[in-house]
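Hi all, thanks for making time. Let me put the structure up and then walk you through it.

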Amino acid sequence: METGPILRALSRNKTGALLIALQIAFTMTVVVNAWYMVGERLGNIDRPSGLLEEDIFYVSSTGFAEDFNIKVTIEEDLLALRQLPGVVDAVTINAVPLSGGGWSMGLRIDPGDDTQSWPVAVYMVDQHGVNTLGLNLVAGDDFDVADVEWREPGQTSWPDKVVISQAMATAMFPDMDLNNIVGKTVYISNDEPVMISGIVEKLQAPWSGWNSIEQSMLVPQKTAFSSVRYMVRTEPGRLDEVIPRVETTLLNLNDGRLVRNTMTMTETRERGYLLDQGLATILTVVMAVLLLITAVGVLGLASFSVRRRTRQIGVRRALGATQQDILRYFLVENACIALIGVFAGALMTVGLNAWLVGAMSFPKIQWGAIPIGMILLVLVAQLSVIGPARRACGVSPAVATRTV
Amino acid sequence: MLLYYARIAWVSILSNWFLSLLMVTAVGLGIGVCMTIVTVNYIMGSDPIPNKSSELFYVQMDSWDPNDAFREPNEPPNQLTYLDAMALMTAGQASRQTASSAASLILELDQPDLKPFIASARTGFADFFPMFDVPFLYGSGWSKAEDDARSQVIVLSKETNERIFGGENSVGRTLRASGHTFTVVGVIDDWGPVPKFFDITTGPFNEVEDVFVPFNLIVELELSRSGNTNCWKPSADGFVAFLNSECIWIQFWAELPTAAEQEAYLSYLDAHVMQQKELGRFQRPLNNRISDVNAWMENQRVVQDEAQIMLVVAVMFLFVCLLNTIGLLLSKFLGRSQEIGLRRALGASKATLFAQYMIESAMIGVAGGVLGLILTWVGLRGLEGLFGDFIANLVTLDWVMVASAIVLAIAASLLAGFYPTWRACNVAPAAQLKAQ
């Protein structure tokens with residue numbers, strides 16, 4: 001191999017090589033960190049909420065008329081909604097997964113105000129909750145009609161039973177069989193006992209960026225508030241046809257209220273992850289453009305160096321170097337520069353990442369990402385140099401005999 | 001002379017138009033990406049009330065759980081309890097002060113063709129309007145006497161006044177809100193501080209509310225509150241118990257123009273907490289804080305981490321574009337070594353050549369800057385498309401940003417042109433002429 005002469009030639013024209021190496025290093029730093037962030041965000045978006053999202057929507061009903069009877073209206077509404085054609089089931093619910101607004105409480109294994117507490121998102125539903133949300137009950141039982149009570153405005157007490165998500169169950173009781181967790185008594189509001197009567201496989205909290213997003217519980221309460229939200233599950237594919245029917249049904253039953261904020265779970269998911277999705281898109285575009293710019297930079301400098309060395313190439317060809325030798329010369333030269341670049345880039349990547357992790361909520365990159373980034377950048381550099389290098393192969397040995 | 005150099009540069013740019021185009025594109029892309037992100041950051045971090053931001057203070061008191069800080073490391077809660085907010089209002093230790101909180105009202109109108117609608121409401125005290133320099137189109141805010149009398153008065157935003165009264169002077173008219181009759185006392189003009197500094201608990205870039213009503217009416221009429229409520233200790237049932245609970249849901253601002261007043265206010269807060277400690281409240285160590293507008297925005301990380309990460313990425317992006325331009329300029333100028341050698345031999349001074357090539361770099365910079373501005377505009381529209389209403393307040397270009405984009409582009413390309421030009425001027429004429 002002619003790495004010796006190549007390196008010596010490089011050391012006589014350091015600037016061009018340095019410029020390329022620096023570009024490669026910076027590009028790699030940005031690309032590896034950004035790629036990692038995109039992966040993390042997209043990974044978050046892919047997490048299932050536990051709901052049968054494509055068949056679910058919800059709508060708010062806010063009573064304003066002076067004779068508006070909250071409880072009677074809710075009972076009438078639910079009865080009517082559940083009988084509508086195309087509707088599988090319906091409930092009142094105080095919060096919606098991924099929507100960004102909801103209630104959270106803490107559950108404790110031991111009562112008191114200084115024992116360990118596990119944060120949990122609260123969904124208030126009746127005995128139709130599990131069915132409407134399309135949850136998968138993996139242990140214990142669903143609520144019974146007798147379990148369900150009204151929750152008055154300002155009320156702070158809780159019912160006797162709760163159904164929790166499997167992630168909540170294993171967070172509180174890590175090594176226990178799910179069937180044994182059912183029946184356990186835990187404490188809410190520091191010292192109010194509630195019994196775990198069932199466990200659902202998955203049910204996410206309303207906040208997409210929450211650390212404890214998988215920890216949630218259903219409580220058998222119907223909110224007797226002047227503003228309530230109905231969540232409706234339709235038969236597969238009938239969502240669009242059912243939505244207007246539900247809205248008119250509600251208004252026909254009682255027009256002393258506003259029916260508003262109708263939204264499907266699909267829209268809620270898009271909104272909930274708007275920032276993550278947007279960020280991922282921006283970073284992907286930035287990465288692509290950055291790689292393109294680096295490729296163009298390598299190409300520009302390589303063409304320049306080929307043009308400047310036309311005579312030298314001609315002399316080498318005249319002295320017996322084959323076209324492959326010339327091609328190899330430029331590829332190896334480029335590889336040397338790229339290697340310097342990616343090793344510097346590896347250090348910078350780790351440095352930038354350490355700073356981002358320290359200063360902000362940024363994921364720590366795994367070591368495996370660095371060699372992949374290095375290979376990617378070397379490949380990009382090699383691909384961009386092929387064009388100029390092939391032009392170099394075409395230089396005729398006769399050039400050597402001319403005086404420029 | 002300058003014009004002549006510019007013409008030479010123009011010829012040179014055209015003679016190698018592909019390389020020139022590459023450079024303009026590189027500078028333009030760098031500037032475009034950088035300025036898009038910088039604009040969003042600049043607006044996120046801008047001072048929402050520049051002439052008063054150092055006189056308005058957000059009040060925090062650590063009434064939180066004795067066993068856990070509200071937020072590590074030992075940050076006091078971001079809102080106040082009703083008990084404390086009312087104590088501060090009654091004491092009136094600042095020249096102006098207001099407790100404030102968000103609520104929602106159902107507006108019903110006499111006209112049968114207008115359907116009732118839900119309006120977002122901001123509650124506050126009389127001082128709210130003069131404190132925050134709220135501009136009025138008609139009428140004014142309410143008075144302290146009306147606060148005390150719990151009068152059912154309402155101030156409308158310009159849009160709400162358009163919607164209900166068709167934009168006419170509605171002062172003195174009445175409307176029904178959540179079952180009660182309110183008298184309009186004022187209509188405010190366009191007002192939308194960014195960030196919405198007076199309440200960032202539900203998002204720093206939300207729109208200002210549709211209507212304003214006295215804070216005391218939340219209690220008097222049990223209006224439905226919106227915004228965030230956080231409790232560390234369970235409260236008993238009912239509204240009165242809620243008011244007396246340790247739940248936090250109120251923002252509190254005090255106007256304290258001088259350092260002496262700020263100090264006096266802090267010691268007043270300490271005295272209040274010490275007194276409450278005797279009643280068994282405030283079991284955490286003394287941890288009261290007043291923060292002026294900008295300090296509060298910073299404490300609450302109004303410029304989000306994502307935006308800062310993007311800023312780092314954007315700056316590195318610009319840097320790569322500059323390295324690229326340096327490389328391309330170097331190729332271009334050194335490719336003309338023979339011409340340079342010849343001109344040097346014929347008597348052109350280094351200074352002349354230097355000026356000529358720097359002008360060429362600057363021209364590429366101007367072109368790159370213009371392209372960058374166009375790309376910035378495209379980028380901001382793209383952000384709007386991605387994020388929608390979320391970001392609508394953040395994606396406007398003002399003259400400061402336009403000027404900085406152009407200046408940045410020219411500075412960047414002059415910087416990029418400096419080394420290649422210097423190299424080109426130092427070409428030894430003899431070495432180039434020998435081969436001819």
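**A walk through the two chains**

Let's start in strand 8 of chain B, where B:Thr183 is the bridge partner of B:Thr174. Two strands pair if DSSP finds at least two bridges between them.

Before I go on, some housekeeping. This is a predicted model, where local features need pLDDT of at least 70 and side-chain atom pairs count only at pLDDT 80 or more, while totals for chains, interfaces and linings use all residues. Residues are numbered from 1 along each chain as its sequence is written, and chains are lettered from A and ligands numbered from 1 in the order in which they are written.

Okay, back to that pair. Strand 7 and strand 8 of chain B run antiparallel and share four bridges. Their hairpin has two residues between the strands, and B:Ser178 there takes a positive phi near 45°. Strand 7 of chain B, residues 174-177, also has two bridges to strand 3 of chain B, again antiparallel. In that strand 7, B:Arg176 stands opposite B:Glu108. So which residues of strand 7 are on the covered face, and which on the uncovered one? B:Leu175 and B:Ala177 are covered, while B:Thr174 and B:Arg176 are uncovered.

Moving along chain B, look at B:Gly192, in the loop between strand 8 (180-188) and strand 9 (211-214). Is B:Gly192 buried or exposed? B:Gly192 is exposed, because it has 12 other C-beta atoms within 10 Å. The cut-offs: buried is 20 or more other C-beta atoms within 10 Å of a residue's own, exposed is 12 or fewer, and partly exposed is in between, with C-beta atoms placed from the backbone. Still, B:Gly192 touches B:Glu207 and B:Val208, leaving out residues up to four places away in sequence. Contact here means C-beta atoms, placed from the backbone, within 7 Å. And the C-alpha atoms of B:Gly192 and B:Asn206, 14 residues apart along the chain, are 9.1 Å from each other.

Now helix 3 of chain B, residues 82-91. The buried residues there are B:Tyr82, B:Asp84, B:Ala85 and B:Leu88. They are covered by, among others, strand 1 (56-60), strand 3 (96-108) and strand 11 (248-255) of chain B. Just past the helix, B:Gly92 has a positive phi of about 55°.

What about the core? The largest nonpolar core has 166 residues, and B:Ile154 and B:Phe317 have the most contacts inside it. Helix 11 of chain B, residues 305-334, gives the largest share of this core, 16 residues. A nonpolar core is a set of buried Ala, Val, Leu, Ile, Met, Phe, Trp, Tyr and Cys residues joined through C-beta atoms within 7 Å. Beyond its neighbours within four places in sequence, B:Ile154 is in contact with B:Ala177, B:Phe182, B:Val184, B:Val211, B:Phe212 and B:Val213. There's also a second, separate core of 54 residues, including A:Val219 and A:Met231.

Stepping back to the whole of chain B, we have 15 helices and twelve strands. Its radius of gyration is 31 Å, well over the 22 Å that the globule rule gives for 436 residues, so chain B is more spread out than a compact globule. That radius is taken over C-alpha atoms, and the rule is 2.2 Å times the number of residues to the power 0.38. The C-alpha atoms fill a box of roughly 100 × 55 × 35 Å along the principal axes. Buried residues are 42% of the chain B total of 436.

Over to chain A. An open sheet of four strands has the order 2-11-1-12, with antiparallel pairing. The edge strands are strand 2 (87-92) and strand 12 (257-264) of chain A, each pairing on one side only. Strand 1 (residues 56-63) and strand 12 of chain A share six bridges, and A:Thr62 stands opposite A:Leu258.

Last, the interface: 46 residues of chain A are in contact with 41 residues of chain B. On the chain A side, helix 9 of chain A gives the largest share, 17 residues.

Definitions and conventions
Contact = placed C-beta atoms within 7 Å.
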